[in-house]
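Hello,

Here is the structure I promised to pass on.

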Amino acid sequence: MIDENMRDVLIRHAMEARGRAYCPYSKYAVGAALMSENGEIYEGCNIENASYGGTVCAERVAIFGAVGEGIRTFRAIAIVGGPADNGAAGASENGFAVPDNEPFAWPCGFCRQVMREFCDPESFQIIVARNPEDYRVCTLAQLLPESFGPENLGK
Ligand SMILES: [Zn+2]
């Protein structure tokens, strides 16, 4: 579990990461901030590709970055996403926040399954936010019920 303060920190990190999104095709900028079991934070942004299929979501950039450094257990992830001008999020007086009327950027199906590989579905928290005061929280099990995971293959 993470407390209110850590939630706030994670959302702010996700907003910062959103400012680094490379999204010239969708013009939809997403930032993610992943907290490992030991409290380290790993950031990610969506990175698009001219091939389209080579595109990777912010959540997976954060997760793969951590796993690439040998970290495989996580407590929570914050995600901030919405439209961006000119393929990058523009900073406003509220940083890289998302306008109030935008839908939350819930993780896609691929990212939910990748989370399932490394995170406990019952305790891993997914925080989708527009800014530090405007967010929703749920568990991975809520977003990916009755899931297939490593235990199915004896891991
Ligand atoms: Zn995704």
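**What covers helix α3**

Among the elements that cover the buried residues of α3 are α2 (58-68), β3 (74-83), β4 (125-131) and α4 (140-143). Keep in mind that this is a predicted model. Helix α3 itself takes in residues 109-118.

**The zinc site**

Which protein atoms are donors of the zinc ion? They are the SG atoms of Cys 57, Cys 108 and Cys 111. These donors lie 2.2 to 2.4 Å from the zinc ion. Their spacing in sequence reads C-x50-C-x2-C. Cys 57 sits in the loop between β2 (41-45) and α2, while Cys 111 belongs to helix α3, so this pair ties together parts that are 54 residues apart in sequence.

Cys 111 has a relative accessible area of 1%, so it is buried. Cys 108 has 29%, so it counts as partly exposed.

Take Cys 45, which is in no disulfide. The nearest cysteine sulfur belongs to Cys 23 and is 8.5 Å away. Cys 45 has 11% relative accessibility, so it counts as buried.

Best wishes

Methods
Residues are numbered from 1 along each chain as its sequence is written. This is a predicted model: local features need pLDDT of at least 70, side-chain atom pairs count only at pLDDT 80 or more; totals for chains, interfaces and linings use all residues. Side-chain values use heavy atoms; hydrogens and water are left out. A disulfide is a pair of cysteine sulfur atoms within 2.5 Å. Buried means under 20% relative accessible area, exposed over 50%, partly exposed in between (1.4 Å probe, protein chains only). Helices (H or I, at least four residues) and strands (E, at least two) are DSSP runs, numbered from the N terminus. Contact means heavy atoms within 4.5 Å. Donors are N, O and S atoms within 2.8 Å of the metal (3.2 Å for Na, K and Ca); water is not among the atoms, so sites may look incomplete.
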